[in-house]
Amino acid sequence: CEKEDHDKYIVVSFLNATIVLSIGETVEEVTDSGFLATTSTLSVSLLGDDSLLQVHPGGIRRIRSDRRINEFTPPNKGVISKVAVNQRQVAIALTDNSIIYFELDAANQLEERAKPEIAGQVAALDLAQIGAGRSRSKFLVVGSFETSWIVRVLSLEPGNFMQVLSRQALPDRPESRSEERRVGKECRSRW
């Protein structure tokens with residue numbers, strides 16, 4: 001991929017719509033981005049080396065560089081309320097407080113790997129960025145409310161996959177990281 005110094009697109013999410021704007025000498029709306037435009041967007045990120053990922057309340061949409069689109073729709077008409085994403089992993093929480101965890105497999109397919117059982121209302125999810133030489137983040141962090149606010153650290157390592165490694169009560173509601181997630185500079189020229 002050719003690296004670029006500037007972003008080429010801005011994704012703007014509204015309550016019931018998403019628009020993609022191209023940035024250049026002028027700013028113009030893009031109508032063939034592959035993004036689902038008729039819903040709000042919870043997260044946009046680069047996934048693997050060849051695709052963009054749009055997570056919206058009704059599902060996950062993976063847009064490959066060759067414009068192929070793969071979609072995941074939550075079971076039982078579930079609605080996604082929280083999301084955590086890094087370069088190879090995705091975790092979503094549904095409004096019924098169930099969690100679904102995905103990981104890119106060896107064939108570069110986004111594979112559903114687990115549905116960890118978490119008691120209470122899910123308030124926050126987080127995945128760390130993947131460190132050098134690693135194929136996955138070691139942990140999934142889940143904040144929830146039971147009789148009090150709780151943060152759990154779940155293992156994503158094969159030997160103790162989805163085991164709770166740590167559990168901490170909190171005095172206040174946990175929140176997902178608010179840092180701006182940008183599409184990485186790698187491969188932007190494809191989009």
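Which residue of β7 is the bridge partner of Ile63? In the predicted model described here, that partner is Ile69. Residues are numbered from 1 along each chain as its sequence is written. Because the model is predicted, local features need pLDDT of at least 70 and side-chain atom pairs count only at pLDDT 80 or more, whereas totals for chains, interfaces and linings use all residues; side-chain values use heavy atoms, with hydrogens and water left out.

The protein averages a pLDDT of 88, and 90% of the residues score at least 70; pLDDT is the predictor's confidence in each residue, on a scale from 0 to 100. Over residues 178-191 the pLDDT stays under 50, and for these residues the model has 42 contacts beyond four places in sequence. A contact is defined by heavy atoms within 4.5 Å.

The secondary structure comprises zero helices and 15 strands. Helices (H or I, at least four residues) and strands (E, at least two) are DSSP runs, numbered from the N terminus. Of the 191 residues, 41% count as buried. The term buried denotes a relative accessible area under 20%, exposed denotes over 50%, and partly exposed lies in between, for a 1.4 Å probe and protein chains only. The protein exposes about 10,500 Å², of which carbon and sulfur atoms supply 48%; accessible areas come from the Shrake-Rupley method with a 1.4 Å probe, and for residues only the protein chains shown count as cover. Among contacts with a separation of 6 or more, 40% are accounted for by residues 24 or more positions apart.

Two strands are said to pair if DSSP finds at least two bridges between them.

Five bridges join β4 to the antiparallel strand β5 (residues 51-56), and Leu47 stands opposite Ser51 in β5. The two strands form a hairpin with three residues between them, and Gly48 in the turn has a positive phi of about 65°. At the other end of the sheet order, β6 (residues 59-64) and β7 pair in the antiparallel sense over four bridges. The loop between β6 and β7 contains Ser65, which counts as partly exposed at 28% relative accessibility. Ser65 and Asp50 are 15 residues apart in sequence, with a C-alpha to C-alpha separation of 5.5 Å.

Another open sheet of four strands has the order β8-β9-β10-β11, with antiparallel pairing. Its edge strands are β8 (80-85) and β11 (110-114), each of which pairs on one side only. In this sheet, neighbouring strands are turned by 25° against each other on average, direction ignored. Five bridges link β8 and β9 in the antiparallel sense, and Val85 stands opposite Val90 in β9.

Strand β10 includes Glu103, which is buried with a relative accessible area of 5%. Leaving aside neighbours within four places in sequence, Glu103 is in contact with Arg88, Gln89, Gln109, Leu110, Glu111, Arg113 and Arg136. The C-alpha atoms of Glu103 and Arg113 are separated by 6.7 Å, the two residues being 10 residues apart along the chain.

A nonpolar core is a set of buried Ala, Val, Leu, Ile, Met, Phe, Trp, Tyr and Cys residues joined through side-chain atoms within 4.5 Å. The largest such core has 15 residues, of which Ile99, Leu125, Leu140, Val142 and Met162 touch the most other members. Two or more residues are given to this core by each of β9 (89-94), β10 (99-104), β12 (121-127) and β13 (139-145). The largest share, three residues, comes from β12. Apart from this core lies another, of 13 residues, among them Leu53, Ile80, Val90 and Ile100.

Notes: Axes fitted to C-alpha atoms, helices over the stretch in contact; angles between N-to-C directions.
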